[in-house]
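Morning, everyone. Please have the sequence and the 3D view open while I talk.

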Amino acid sequence: GIYSNGILAVSFNDSDVVFNSDVNIEDNLDVDGTLNVDGATTLNGAVTLGNATGDDITITGYVASNVVPKTDNTYNLGSSAKEWKHGYFDGTVFADNLDGDSGTIANFNFNASTMSNGSGDINLDADGDIALDVDGDDIYFKQAGTTKLTWNLGTNQEVDVSGNFI
C-alpha cells in the first residue's frame, strides 16, 4: 500500500486500487469502462448524458424536482416520430395550443366561445337527451350560403324538416 503520514492512503487488492480517504482529481478523468457510483452524487456544471441517439438513458428512481427548460418555448417533450405513450397529470394542464387526434378531442378547435371543425361534419351522438342551456332567447341553425332557420324559445312555433313553420 501507499501511506501518507503513517496512514494507509491507497491499497492494492488484486487488480483493484482502493482509496481509503477522499480522492481529488485536479484535471480530467476519463473512464473507458463502466462507472458505478454508490451513494449520493452531485454533478455540477453542464452535464451531457449520452453522445449519440443510440445511447439509452434510464431513470429508475423518482424525479424529485421540477423539470424546467432553460429557454421558454424552445424544447419539446417527444416528437412526431417518437411520442410518449401516456401522460398522467393530477392538476391543471396549461397549453397555448392543444392539438390531438384522439376521440376525446378529435378534430375540434375550441377558441373563445366557438367550437369548429374545418374537416367535416360535427356529430353529437348521445344515448340520452342533448341539452343546450342558453341564457339568450334563440338557438340558430344555419347552413352556409342559405338563410338561417331559427327557433325562438319564447314561442311555441314548430318547424317541419323543410324549415316551414307549422
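Ground rules. This is a predicted model, where local features need pLDDT of at least 70, side-chain atom pairs count only at pLDDT 80 or more, and totals for chains, interfaces and linings use all residues. Residues are numbered from 1 along each chain as its sequence is written, and side-chain values use heavy atoms, with hydrogens and water left out.

Overall make-up. The chain has 7 strands and 0 helices. Those are DSSP runs numbered from the N terminus: E of at least two residues for strands, H or I of at least four for helices. Along the sequence the pattern reads β-β-β-β-β-β-β. How much of the chain is buried? Of its 166 residues, 4% count as buried. Buried means under 20% relative accessible area, exposed over 50%, and partly exposed lies in between, with a 1.4 Å probe and protein chains only. Now contacts, meaning heavy atoms within 4.5 Å. Take those between residues at least 6 apart in sequence: 0% join residues at least 24 apart.

On to the sheet. Strands of a sheet pair through backbone hydrogen bonds, either parallel or antiparallel. Here 3 strands form an open sheet, in the order β1-β2-β3, with antiparallel pairing.

Let's walk through the pairings. Two strands pair if DSSP finds at least two bridges between them. β1 pairs with β2, residues 7-13, over 3 bridges in the antiparallel sense. I2 stands opposite V10 in β2, and Y3 has L8 as its bridge partner in β2. β2 then pairs with β3 over 4 bridges, again antiparallel. V10 stands opposite F19 in β3, and F12 has V17 as its bridge partner there.

Now the turns. β1 and β2 form a hairpin with 2 residues between them. N5 lies in the loop between these strands. N5 has a positive phi of about 55°, although it is not a glycine. Is N5 buried or exposed? N5 is exposed, with a relative accessible area of 79%. The β2 and β3 hairpin also has 2 residues between its strands, and D14 in that turn has a positive phi of about 55°.

One further residue to look at is N73. N73 sits in the loop between β3 and β4 (109-111). Its phi is positive too, at about 60°, and N73 is not a glycine. N73 is exposed, at a relative accessible area of 76%.

Last stop, the second largest pocket. A pocket is an open set of points on a 1 Å grid over the protein atoms alone, where a 1.4 Å probe fits, with protein on both sides within 12 Å along at least five of seven lines; lining residues have an atom within 4 Å of a point. This one holds about 370 Å³ of space. The volume is the space filled by probe spheres set on the points, which are joined across faces, edges and corners. Which residues line the second largest pocket? They are V31, L35, V37, T41, L43, V47, T48 and L49. The lining divides into 6 nonpolar, 2 polar and no charged residues. Nonpolar covers Ala, Val, Leu, Ile, Met, Phe, Trp, Tyr, Cys and Pro; charged covers Asp, Glu, Lys and Arg; the others, Gly among them, are polar.
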